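I opened my notebook to look through one protein model, piece by piece. Here is what I looked up, in the order I got to it.

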Amino acid sequence: MAHFLSYLLLSFLIIYDSLRLSQSNQFCDAGVGYPESTCGFSSSSSSKLLIKGGTVLNAHHQEVADVYVEDGIIVAVKPNIKVDEDVTLLDATGKYVMPGGIDPHTHLAMEFMGSETIDDFFSGQAAALAGGTTMHIDFVIPVNGSLVAGFEAYKKKAKKSCMNYGFHMAITKWDESVSREMEIMVKEKGINSFKFFMAYKGSLMISDELLLQGLERCKSLGALAMVHAENGDAVFEGQKRMIDLGITGPEGHALSRPPVLEGEATARAIRLAKFVNTPLYVVHVMSIDAMEEIARARKSGFEVV
């Protein structure tokens, strides 16, 4: 039940509290359709909230119930809760009241190969909230290899945030300063997951040697290693083939990187992580080839997700 209440807290409160915070007026200023009664919660607004009569559900249970919250903490989930007058009421009759989604992989305001992702930390988060996602974890990209500089840059990007978020950290080069900064991220900045790109030759791609060093460092810090698993060298050759054939539309992206290249890189990353004896998180698995490598490793008892 404690886990259930914690998950419900994400859904019930983050959207509500986001609107209460002074920065939430961005929604109203942006003209995204909120009525005046919803905009501009003041600091004097009630700290008590009752979500009444909805169908409360999670993965294993559902019931028609009320949810009572005080000062950001869920106090009770049960039918027919009686409260005093100083409470903000939300009528959820006929609606589902469910945990908010957590998206563990986003790239907001990311500068990449001469372009930048279209959504920033406000527009992307506003869209997420509208769809029921109430928290996300973005990726800090180092600045000239510096993790600390990258972290500071992303803190600035995230100043316009309107919901909860966390950070992973990408590793794009290796030297002693990067190793030291990884420890700073873990011990001082709350970042304990590091991503290694095996793709994007000439930009973010790292070598097997760097991957091994990064895996060793993650192990020593108790951090989680993550990989974007595609064979970057082969994908680069595939891209040249597509250009030579005049295939430059979106379809060329998929044709330049067939599943076998994801399967190969996934298998290689898993074997290197097993060699180092540290867990591995393979992000955005896209093919049967990669899935089979992960399933095989898990069946053998290796910690890979």
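These are my entries, from the whole chain down to single residues.

**Entry 1: the whole thing**

I reminded myself that this is a predicted model. I looked up the secondary structure and found 10 helices and 13 strands. Then I checked burial: of the 305 residues, 43% count as buried. The accessible surface comes to about 16,200 Å², and carbon and sulfur atoms hold 54% of that surface. I also looked up the contacts with a separation of 6 or more: 69% of them are between residues 24 or more positions apart.

**Entry 2: two helices side by side**

I noted how to describe such a pair: two packed helices get an angle between their axes and a distance between the axes. I picked helix 4, which is residues 147–157, and helix 5, which is residues 176–188. Their axes are 9 Å apart, at an angle of about 45°.

I then looked up who touches whom. Helix 4 brings Leu-147, Val-148 and Phe-151. On the helix 5 side, they meet Val-178, Glu-181, Met-182 and Met-185.

**Entry 3: salt bridges**

How many salt bridges does a search of the whole structure find? I got 15, and I wrote down a few.

Glu-183 is partly exposed at 28% relative accessibility, while Lys-187 is exposed at 60%. The story goes on from there, as Glu-183, Lys-187 and Arg-217 are linked in a network of salt bridges.

Next I went to helix 7 (residues 232–244), where I found Lys-240. Its salt bridge partner is Glu-237, with 3.1 Å between the closest N and O atoms. Lys-240 and Glu-237 sit 3 residues apart in helix 7, which means about one helical turn lies between them. Lys-240 has a relative accessible area of 38%, so I put it down as partly exposed. Glu-237 is also listed at 38%, and it counts as partly exposed. I also looked up a C-alpha distance for Lys-240: Ser-256 is 16 residues away along the chain, and 8.2 Å separates the two C-alpha atoms.

My last pair was Arg-296 and Glu-293, whose side chains meet in a salt bridge at 3.0 Å, N to O. Both lie in helix 10, 3 residues apart, about one turn of the helix. Is Glu-293 buried or exposed? At 19% relative accessibility Glu-293 is buried, because the cut-off is under 20%. Arg-296, at 48%, is partly exposed.

**Entry 4: a nonpolar patch**

I stayed around helix 10 (residues 288–299), which includes Ile-288. Ile-288 has 55% relative accessibility, so it counts as exposed. I looked up what it belongs to: Val-285, Ile-288 and Met-291 form a nonpolar patch on the surface. Together they have about 270 Å² of accessible area.

**Entry 5: a residue in a strand**

I wanted a strand residue too, and took Thr-55 from strand 1 (residues 48–57). Its relative accessible area is 18%, so Thr-55 is buried. Which residues does Thr-55 touch, not counting those up to four places away in sequence? I listed Gln-62, Glu-63, Val-64, Lys-95, Tyr-96 and Val-97.

**Entry 6: a residue in a loop**

I finished with Tyr-200, in the loop between strand 11 (193–197) and helix 6 (208–221). Tyr-200 is partly exposed, at 25% relative accessibility. Leaving out residues up to four places away in sequence, Tyr-200 touches Phe-112, Met-205, His-228 and Arg-257. I also checked Tyr-200 against Asn-231: they are 31 residues apart in sequence, and their C-alpha atoms are 9.0 Å apart in space.

Note on methods. Residues are numbered from 1 along each chain as its sequence is written. This is a predicted model: local features need pLDDT of at least 70, side-chain atom pairs count only at pLDDT 80 or more; totals for chains, interfaces and linings use all residues. Side-chain values use heavy atoms; hydrogens and water are left out. Patches are made of residues with over 30% relative accessible area and no salt bridge: like charges are joined within 9 Å, nonpolar side chains (Val, Leu, Ile, Met, Phe, Trp, Tyr) within 5 Å. Accessible areas come from the Shrake-Rupley method with a 1.4 Å probe; for residues, only the protein chains shown count as cover. A salt bridge is a side-chain nitrogen of Lys or Arg within 4 Å of a carboxyl oxygen of Asp or Glu. Helices (H or I, at least four residues) and strands (E, at least two) are DSSP runs, numbered from the N terminus. Buried means under 20% relative accessible area, exposed over 50%, partly exposed in between (1.4 Å probe, protein chains only). Axes are lines fitted to C-alpha atoms, for helices over the stretch in contact, and angles run from 0 to 180 degrees between N-to-C directions. Contact means heavy atoms within 4.5 Å.
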